[in-house]
Structure formats: C-alpha cells, structure tokens
Amino acid sequence: MSRLSLLSLALGVLVSTHAGAMDASAILAKLDDNMNQSKDQKLNWQVTSQEPGKKQPREMAFSVQLKGEKTLTEFSAPGDIKGTRVLVLNRSQMYIYLPAYRKVRRIPSHVTQQGFMGTTYSHADMSATRFGDVYTSTMHAENDTEWVLELLPIPDTEAPYPKVLMTITKETHLPKVLKYFNAKGEHIKTETRDGYDCKGTICNPTVLKMTDHSRNDAWTELKCVDWEANVGIGDDVFTVRTLQRGG
C-alpha cells in the first residue's frame, strides 16, 4: 500500500472516530435537554424495597418538588419516617430534616453515595438530573432501536460513578437502562426506567428500579402515582428555612 493510501486510511479513521465521539456527545446533550424540559415538577411516588433474606418488603411513599437541579422530597409513609424531608440544592449541598429531633442536618458529601432512606438508591442517584455536566460520552454499541453510551467522569467534577453504561431508546431519546461501575471496573448497580408517560413534550418514567449487585441484588422499585409539570413552584420552596418548617 502506498504512503498516500496509508495516510488517507489514517485520516479516515481519525475523522470517523471524531464523528462518533461528537455523535455520542450530541446524543447525551439531547437526552439532558429532554429530561429537563419543564420549569418545575411535582411527583408522588410509591416505593417498595426488598432485601435478600427478608420475607416482607419495606413500603414507603414520598412526594418530590423539583426545579432545575433543586429538589425537595417529603415522606408520608411509613409512620416512623413520616415528615422526614430532604433538600437538594446541588450535587454537593444536601440537607435532611428529621421530625423526631426537629432539626436540619447537612448531609456530608462523603455519604451521598450511601443508601437514600434505606433504599438501593443513593442520595446522588436521587438528585441526578443532568449527565453531561459531569460525564463525557462515547459510543459503546448501537442497533436499530437503541444507543449504548459509555460515560466517564469529566476531570475535576464530582461524578457519582467512575463509569456508566447508558442504554437510550432512539424513539424517545430517553434512558432505558443504566449500568453503574465502581473504580475497580465492577458492575455494582443496574437501574431500569420504564413506562414513560408524556404530557406534551415532557416525559417521565413511571416505574424505576435499582438493583444493587453489591448487596446480593437487593432492589428498590419506585412507581409514580401522579405527576404534573410547570405548576409555578417558587424558589423559596428550596431553602433550609422551608425544609425546617415544611410547606
């Protein structure tokens, strides 16, 4: 093969690789946009958590108000956690109100990967609204109906996982399966998002399930009871003062 042919082949590979990377970035950017179309939302969830070896699952219920990356979660059941509220201002600034103590406590950043109220979801899982802010993306696989992106942390960001494989449905351009990996490259969690319900162009999954493979496949399933978007939630909802008093 001539030097010119070799050069042309090398350039072709470089262009193809660059185009693939750009495509993956564009796919992730569009997914983020699709997931954040509304100005605000209110959602009510029923929760079931099952630990291996336990006959009875744990049932919970909570409501969420969200606006951008800010969320306010309040538990209504069971009785031992009723009135517990969690405020997320950003990925590193989270607070919890415990009614038994009538006190607000800041959640330390080093525990945001621990279980959220005993579920297989972490505080960081529950607060993730955009992926492109902390991850770069490359194309891992593709077929006629789905993309699979490999997400790796952007340097100097607080990405919750060292690696994520995200399956995105082409028809909806929304996530279907997310596989989470630790620093050793071990597949530690799998999240599925199903039953998307759309109101206009705003869509939400109505069934979420997180299986924790590091806990013998313990799982938590969230079912959306109802939700509404663009209801005019004020910024004052997302304050420590509101967290303390409720409302």
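Residues are numbered from 1 along each chain as its sequence is written, and side-chain values use heavy atoms, with hydrogens and water left out. Because the model is predicted, local features need pLDDT of at least 70 and side-chain atom pairs count only at pLDDT 80 or more, while totals for chains, interfaces and linings use all residues.

**Exercise 1.** Find how many salt bridges the whole structure holds, and describe the pair Glu74 and Arg85.

Solution. 
- Step 1: Apply the criterion, a side-chain nitrogen of Lys or Arg within 4 Å of a carboxyl oxygen of Asp or Glu. The search of the whole structure gives 10 salt bridges.
- Step 2: Glu74 and Arg85 form a salt bridge with an N to O distance of 3.5 Å.
- Step 3: Glu74 is in strand β3 (residues 70-77) and Arg85 in strand β4 (residues 85-90), 11 residues apart.
- Step 4: Classify accessibility with a 1.4 Å probe and protein chains only: buried is under 20% relative accessible area, exposed over 50%, partly exposed in between. Glu74, at 30%, is partly exposed, whereas Arg85, at 7%, is buried.

**Exercise 2.** Determine which parts of the chain Lys189 and Asp125 tie together.

Solution. 
- Step 1: The side chains of Lys189 and Asp125 meet in a salt bridge at 3.0 Å, N to O.
- Step 2: Lys189 belongs to strand β11 (residues 187-194) and Asp125 to helix α2 (residues 123-127), so the pair joins parts 64 residues apart in sequence.
- Step 3: Both Lys189 and Asp125 are buried.

**Exercise 3.** State whether Thr71 is buried or exposed, and list the residues that Thr71 touches.

Solution. 
- Step 1: Thr71 lies in strand β3.
- Step 2: Its relative accessibility is 6%, so Thr71 counts as buried.
- Step 3: Take contact as heavy atoms within 4.5 Å. Leaving out residues up to four places away in sequence, Thr71 touches Val64, Gln65, Leu66, Val86, Leu87, Val88 and Phe238.

**Exercise 4.** Identify the residues that line the largest cavity.

Solution. 
- Step 1: On a 1 Å grid over the protein atoms alone, a cavity is a set of points where a 1.4 Å probe fits but cannot get out, and lining residues have an atom within 4 Å of a point.
- Step 2: The lining consists of Val47, Met60, Phe62, Phe75, Phe116, Thr119, Tyr121, Met126 and Leu222.

Methods: Helices (H or I, at least four residues) and strands (E, at least two) are DSSP runs, numbered from the N terminus. On a 1 Å grid over the protein atoms alone, a cavity is a set of points where a 1.4 Å probe fits but cannot get out, and a pocket is an open set with protein on both sides within 12 Å along at least five of seven lines; lining residues have an atom within 4 Å of a point.
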